[in-house]
Amino acid sequence: MKPVYRISLDAMGGDHGISVVVPAAIRALHDFPDLHLVLVGDEALLHTSLSAQSTYDNSRISVRHTTQIVAMDEEPAQALKRKKDSSLRVAIDLVKSGEVDACVSAGNTGALMATAKFVLKTLPGISRPAIMSALPSLNGHTHVLDLGANIDCSADQLLQFGLMGAAAVEAVEDKPSPSIGVLNVGSEAMKGSAVVKEAGRLLQNSSVNYIGFVEGNDIFAGNVDVVVCD
């Protein structure tokens with residue numbers, strides 16, 4: 001019997017909220033038969049939107065009512081302090097309680113990162129979360145992080161991004177020892193800022209498959225599996 005993956009969705013977050021999240025949720029149910037979704041947001045609005053959708057398995061989707069919404073331009077600290085019953089916060093709380101396995105939100109990125117770090121904490125040795133995405137390349141795709149969760153990073157934090165990126169690709173792509181590169185203005189060892197050079201040194205001495213500095217074109221050429229940047 002296949003495992004059931006339980007995902008909470010911040011149904012009120014993002015530029016379009018329910019109008020996008022609910023149809024996407026129904027499509028996901030059709031595409032992934034081992035998925036169970038929890039829509040988090042205004043119960044009345046969600047049931048109205050669900051009733052307008054095409055046929056779906058309602059035993060695999062549920063609604064968790066919340067009374068608040070985190071606006072896209074809201075300060076993360078204020079959202080964390082004042083919006084404890086927001087769809088974003090409750091969706092993350094469900095991960096903390098073990099009711100779901102993961103949370104998905106298209107909402108306020110700063111609030112999402114701040115709330116997730118506060119509620120879920122980070123793994124030992126990891127000081128900051130990072131956003132990773134797969135960018136298209138000639139060989140398929142290249143994973144890049146961080147893409148917006150942090151503004152100013154230390155060399156040690158770039159090392160942490162490399163470790164997280166390697167672990168994620170190994171798990172998701174089932175690819176042992178993925179290659180890791182640090183984005184720089186050139187591939188030569190003498191180039192780059194002091195932070196970038198130190199990050200390269202730390203990765204070189206770590207357990208990951210570090211191949212050195214890479215440039216922007218390497219992302220799309222598919223010359224590396226994971227690219228670390230600030």
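**A mixed sheet and a buried serine**

Q: Is S137 buried or exposed?
A: In this predicted model, S137 is buried, because its relative accessible area is 14%, below the 20% cut-off.

Q: Which strand holds S137?
A: S137 is found in strand β5.

Q: What does S137 touch, leaving out residues up to four places away in sequence?
A: S137 touches T142, I219, F220, A221 and G222.

Q: What lies 3.2 Å from a polar atom of the S137 side chain?
A: That is the backbone nitrogen of H141.

Q: Turning to the sheet, in what order do its strands come?
A: The five strands run in the order β5-β6-β9-β7-β8, forming an open sheet with mixed pairing.

Q: Why is one side of β5 and of β8 left without a neighbour in the sheet?
A: Strands β5 (132-137) and β8 (209-214) stand at the edges and each has a single partner strand, so one side of each has no neighbour there.

Q: What is the average twist?
A: From one strand to the next, the twist averages 30°.

Q: How many bridges join β7 to β9?
A: Three bridges join β7 (residues 179-183) to β9 (residues 226-228), and the two strands run parallel. Within β9, V227 is the residue opposite G181.

Q: And the helices: which strands does α6 touch?
A: Helix α6 (residues 155-172) packs on the sheet and touches β5, β6 (140-145), β7 and β9. The direction of α6 makes about 165° with that of β9.

Q: Where does α7 lie?
A: Helix α7 (residues 194-204) lies across β7 and β8, and runs at about 160° to β8.

Definitions and conventions: Residues are numbered from 1 along each chain as its sequence is written. This is a predicted model: local features need pLDDT of at least 70, side-chain atom pairs count only at pLDDT 80 or more; totals for chains, interfaces and linings use all residues. Side-chain values use heavy atoms; hydrogens and water are left out. Two strands pair if DSSP finds at least two bridges between them. Helices (H or I, at least four residues) and strands (E, at least two) are DSSP runs, numbered from the N terminus. Axes are lines fitted to C-alpha atoms, for helices over the stretch in contact, and angles run from 0 to 180 degrees between N-to-C directions. Contact means heavy atoms within 4.5 Å. Buried means under 20% relative accessible area, exposed over 50%, partly exposed in between (1.4 Å probe, protein chains only). A polar contact is a pair of N or O atoms within 3.5 Å; within protein, one must be able to donate a hydrogen and the other to accept it, and residues adjacent in sequence count only if both atoms are side-chain atoms.
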